[in-house]
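I opened my notebook for a friendly look around a new model. Here is what I looked up, in the order I looked.

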Amino acid sequence: MTEHWVCGSNGRSYINHCELHRDACITQTKIHAEHKGHCPEKPTKTDVSPIVCFLSDRDWLRERVIQWIQEEVESDNLASNVSSANDLLQKYFKAYDNGDSELDSKEFLSFLKHNETALNLTYSNTLETNLLLRSLCVDALIELSDENADWKLSLTEFINCLTPTYHPYERKCALEDEVFEDGAETQMECNKCVCACGNWVCTALTCTGEHHVEEDVKEGEEEEMTEEEWSKRVAELSTLQVDSQH
């Protein structure tokens, strides 16, 4: 088969015009030649990284909340009859609990929003990423002291989470009998995965393989088809396409 590479309007490279039209016929889509030669290479999807809350992010947020609670206890001690950080945390727990005696991630986020100015919750320049990262770090905080793994915190678990002396076992990521530290990266097909707070977090890209051109020219057949032969070939392919749908 003679090589006269062309770049199709679908971003795929074809060995010649015939293969381009053949693909258009089989897929029943309109494809035209953009220019001669191969299509320019697109950036690989593996360059995309997932948004994650690392241990450093989680611990930073936790330290900010602990500091905020301590400052409130010291400033409002006499006015609110709150004598300790535990008392204040119990007060907030009751304020944001919906009545089931547990705080979920949504309620925890509402608790943080109560004084986000003092917490200085700034992770990035974009509001969307900021809120997403904050939510991910709240999940990481819940997981930190969630002893029964129900993704909710009882009053005891909530107080433990925000007590400076509480130091749970730091989880790491496992893969094929190996242990990886926070921030480690691996690859799953076209998706990048990052170890964050003991969990592998991956992007969710649709992985499409490279376009492979099938060589359909039989031995002894002419490399370039005439217009009449091409029309006949298109008709045959169209028939095959219709038959395959039944």
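The entries below go from the whole chain to single residues.

**Ground rules.** I am working with a predicted model, where local features need pLDDT of at least 70, side-chain atom pairs count only at pLDDT 80 or more, and totals for chains, interfaces and linings use all residues. Residues are numbered from 1 along each chain as its sequence is written, and side-chain values use heavy atoms, with hydrogens and water left out.

**Whole chain.** I found 8 helices and 8 strands in the protein chain; these are DSSP runs numbered from the N terminus (helices: H or I, at least four residues; strands: E, at least two). Of its 246 residues, 32% count as buried, where buried means under 20% relative accessible area, exposed over 50% and partly exposed in between (1.4 Å probe, protein chains only). I also looked at contacts (heavy atoms within 4.5 Å): among those between residues at least 6 apart in sequence, 57% join residues at least 24 apart.

**L141.** Next I picked L141, which sits in helix α6 (residues 127-145). Is L141 buried or exposed? L141 is buried, because its relative accessible area is 0%. Leaving out residues up to four places away in sequence, L141 touches R58, L61, R62, F108 and C161.

**α3 against α4.** I then asked at what angle the axes of α3 and α4 cross. They cross at roughly 120° and come within 10 Å; the axes are lines fitted to C-alpha atoms over the stretch in contact, with angles from 0 to 180 degrees between N-to-C directions. The two helices are therefore oblique to each other, since under 35 degrees counts as roughly parallel, over 145 as roughly antiparallel, 65 to 115 as roughly perpendicular and the rest as oblique. L89, Y92 and Y96 of α3 and E107, S110 and F111 of α4 make the contact. By class I get 4 nonpolar, 1 polar and 1 charged residues (Ala, Val, Leu, Ile, Met, Phe, Trp, Tyr, Cys and Pro are nonpolar, Asp, Glu, Lys and Arg charged, the others, Gly among them, polar).

**Positive phi.** Most residues other than glycine have a negative phi. S101, not a glycine, has a positive phi of about 65°. S101 lies in the loop between α3 (85-96) and α4 (105-113), and is partly exposed at 46% relative accessible area. C197 also has a positive phi, near 55°. I found C197 in the loop between β7 (191-196) and β8 (199-202), and C197 counts as buried at 8% relative accessibility.
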